[in-house]
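Please open the structure in a viewer and keep the selection tool at hand.

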Amino acid sequence: MKEYQEKEAIAAMRTALSAEASARINDDELQNIIDIIWDWYEDNGLLDIDAEADDDNVNTDELVAHVRKVLAKDKLSPVEASEVEPLVMAQLQYEQSLEDDFDLL
């Protein structure tokens, strides 16, 4: 399985943004979203060794709502609510691509 790379995840998330949004949202903000996602995974037991976390186990609606809620508390965040879902989905697709690479071996 290919190893998770934060820079690659951020690059994947940038593909979900318009040019204007990409210019407005820096890498630290995207890293913050990744951290929120992984915190949600941990809170929901998806990082446990015996957990088989895959797209079927991730309630994407709940995850997107959680990320929106956390970002809404950060009044300085340049990420708009409408941008959260595409960013979360891009992160999930990047994670899935790592598993897909493993399946090809």
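**First stop: the start of the chain**

Select Glu3, which is found in the segment before helix 1; helices here are DSSP runs of H or I with at least four residues, numbered from the N terminus. The model is a predicted one, in which local features need pLDDT of at least 70 and side-chain atom pairs count only at pLDDT 80 or more, while totals for chains, interfaces and linings use all residues. Residues are numbered from 1 along each chain as its sequence is written, and side-chain values use heavy atoms, with hydrogens and water left out.

Glu3 counts as exposed, at 61% relative accessibility. On this scale, buried means under 20% relative accessible area, exposed means over 50%, and partly exposed lies in between (1.4 Å probe, protein chains only). Contact here means heavy atoms within 4.5 Å. The C-alpha atoms of Glu3 and Leu98 are 7.1 Å apart in space, although the two residues are 95 apart in sequence.

**Second stop: charged pairs**

Select Lys2 and Glu8, whose side chains meet in a salt bridge with an N to O distance of 3.3 Å. The term denotes a side-chain nitrogen of Lys or Arg within 4 Å of a carboxyl oxygen of Asp or Glu. By this rule there are 5 salt bridges. Lys2 is partly exposed at 41%, and Glu8 is partly exposed at 32%.

Move to Arg24, which forms a salt bridge with Glu20, their closest N and O atoms being 2.9 Å apart. Both residues belong to helix 2 (residues 19-24) and are separated by 4 residues, about one turn of the helix. Through shared partners, salt bridges join Glu20, Arg24, Glu80 and Glu83 into one network.

Which residues have the most contacts inside the largest nonpolar core? Select Ile33, Tyr41, Leu63, Val67 and Val88; this core has 28 residues. Such a core is a set of buried Ala, Val, Leu, Ile, Met, Phe, Trp, Tyr and Cys residues joined through side-chain atoms within 4.5 Å. Helix 1 (6-14), helix 3 (27-43), helix 4 (60-73) and helix 5 (81-103) each give two or more residues to this core.

Finally, centre the view on Val88: leaving aside neighbours within four places in sequence, Val88 is in contact with Ile37, Leu63, Val64 and Val67.
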